[in-house]
Amino acid sequence: MRADFSPLREQSFRRYWTGQSISAFGDGLTLVVTAIAVLTVGGTAVTLGVVMGAGSICRVLSALVAGTIADRSSRRRILIVADSGRFAIQAGIGIAFLLGTRSWLLLLVGASCYGVAAGFFGPVSSSIVPALASKESLQKANALLSLSRSTMLILGPGIAGLLIAASGVGTVYLIDAATFVMNVIFLTRVRPRFEPASTGRRLLADLVQGWQEVISRRWLALTLLAHSAWNLGLAAFLILGPLLIVRADGAAAWGLVSAGMAAGLLAGDAVTLRWEPSRPVLIGNLALVLEAAPLLALAFHGPVVLIALAAAISNAGVAALNTFWYSTLQRIIPANIMSRVMSYDWLLSFISLPLGYSLTGYISHSAGSSATLIAAASIASIPAVLTVLIPTVRQLTKARIAAYSAMADELSSEAT
């Protein structure tokens, strides 16, 4: 047990982990409040899709720029600026709702601005971890970050439901804003072992180099396409899930499903804290097949408890994939190009989310929600299975990852 928590002995990682845990509680609140806020102003599936789609497209596009900037400047400073921005956005929406100024247009603008800030935070937060924890403990460090996040995501939806019932969605937005302030305070006390220096090249040249690093690794590029397909299927669940369940059983029922999703993440994180498979990328990709479970349970009008259980199983799989995946990339990608590779990871993996958000409402309106969800289950699971056919994915063993890690350290030293 002591070994499992060994990364927390490193002061900077411990401070980073604490701030991220507090911020994750606010993220748990927004799992519920975004959908409820849209429904509160009379929104529909199409409206919710547009709001969430706008946030997602801004997130993935800004992530590309963020990764390039982060490989030539202070990653810690970028994280501080990004979360300061998220504080201002969430506080503004919360105050507007408390004052009675509420509309789906406000939520659309807020989601777009939030997406830009989150896009800067996401890939940079992944690339800074190797500068805070030793390479030997990277999987445990990533698992601990995900474990605390999952725990907070379990608490957040239930508390959000109570807060919404008691004082409205505005209060929830303000609490989320406060968690970003706390994270910024902890980030100011983090001291990374490595901070990139300016390359001296134009931004576009660095962007092109990052793309070349991705496509030069065939297993990386093809796996990201499978992840993108998975997110396209997930979008259908995130749009139709709250709409179908809230209308049939109320907001508390969607809170139960959201809690189930978080509980699944917690279970997956607990497993990855100790289990290091011989082929982490292959095992992680196969775990994504579990996403078909909640989509099919919702498609065939299963009871809320069954949908929550299926969502938990699915998220256990995605938690495993995330820890295995990021730990692998952090080991084998040279530190001086890490943020750019992570930004393309975000771009290729998540670009399908806004597309899914935007199309789900229209497709379900014409083809029906059940048919849409069944199609989404196929889209999410089949490409993940097909990654087994990629030789370089099968050959990416622990021993080979260790060899690549040594090469990455050498390349990083030469670049420095």
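A search of the whole structure, a predicted model, returns two cavities of 30 Å³ or more. The second largest cavity has a volume of about 30 Å³. Its lining consists of Leu234, Phe237, Met261, Glu291, Pro294, Ala311, Ser314 and Asn315. By class, five of these lining residues are nonpolar, two are polar and one is charged. Helices H8 and H12 each supply at least two residues of this lining. H12 gives the most, with three residues.

The second largest pocket has a volume of about 210 Å³. Two elements give two or more residues to the lining of this pocket: helix H12 (304-332) and helix H17 (398-415). The pocket is lined by Gln139, Glu276, Pro277, Pro280, Phe324, Ser327, Thr328, Arg331, Lys398, Ile401, Ala402 and Ser405. Five nonpolar, four polar and three charged residues make up this lining.

Helix H8 spans residues 218-249, and helix H15 spans residues 369-386. Their axes come within 7 Å and cross at roughly 155 degrees. An angle over 145 degrees counts as roughly antiparallel, and H8 and H15 are therefore roughly antiparallel to each other. H8 passes H15 in a left-handed crossing. On the H8 side, the contact is formed by Ala226, Ala229, Trp230, Leu232, Gly233, Ala236, Phe237, Leu240 and Leu244. On the H15 side, Ser369, Thr372, Leu373, Ala376, Ile379, Ala380, Pro383 and Ala384 take part. The residues of this contact divide into 14 nonpolar, three polar and no charged. Phe237 of H8 meets H15 in this contact and also lines the second largest cavity.

H15 also packs against helix H11, residues 292-299. The axes of H11 and H15 come within 8 Å and cross at roughly 170 degrees. That angle makes H11 roughly antiparallel to H15. Ala292, Leu295, Leu296, Leu298 and Ala299 are the H11 residues in the contact. They meet Ser370, Leu373, Ile374, Ala376, Ala377, Ala380 and Ser381 in H15. By class, this contact has ten nonpolar, two polar and no charged residues. Leu373, Ala376 and Ala380 of H15 contact H11 and also contact H8.

How values were computed: Residues numbered from 1 in each chain as written. Predicted model: local features only at pLDDT ≥ 70, side-chain atom pairs only at ≥ 80, totals over all residues. Heavy atoms only, no water. 1 Å grid on protein atoms, 1.4 Å probe; cavity = no way out; pocket = protein on both sides within 12 Å on 5 of 7 lines; lining within 4 Å. Points joined across faces, edges and corners; volume = space filled by probe spheres on them. Helix = DSSP H or I, 4+ residues; strand = E, 2+ residues; numbered from the N terminus. Nonpolar A, V, L, I, M, F, W, Y, C, P; charged D, E, K, R; others polar. Axes fitted to C-alpha atoms, helices over the stretch in contact; angles between N-to-C directions. Parallel < 35°, antiparallel > 145°, perpendicular 65-115°, else oblique. Left-handed = near helix turned anticlockwise from the far one by under 90°. Contact = heavy atoms within 4.5 Å.
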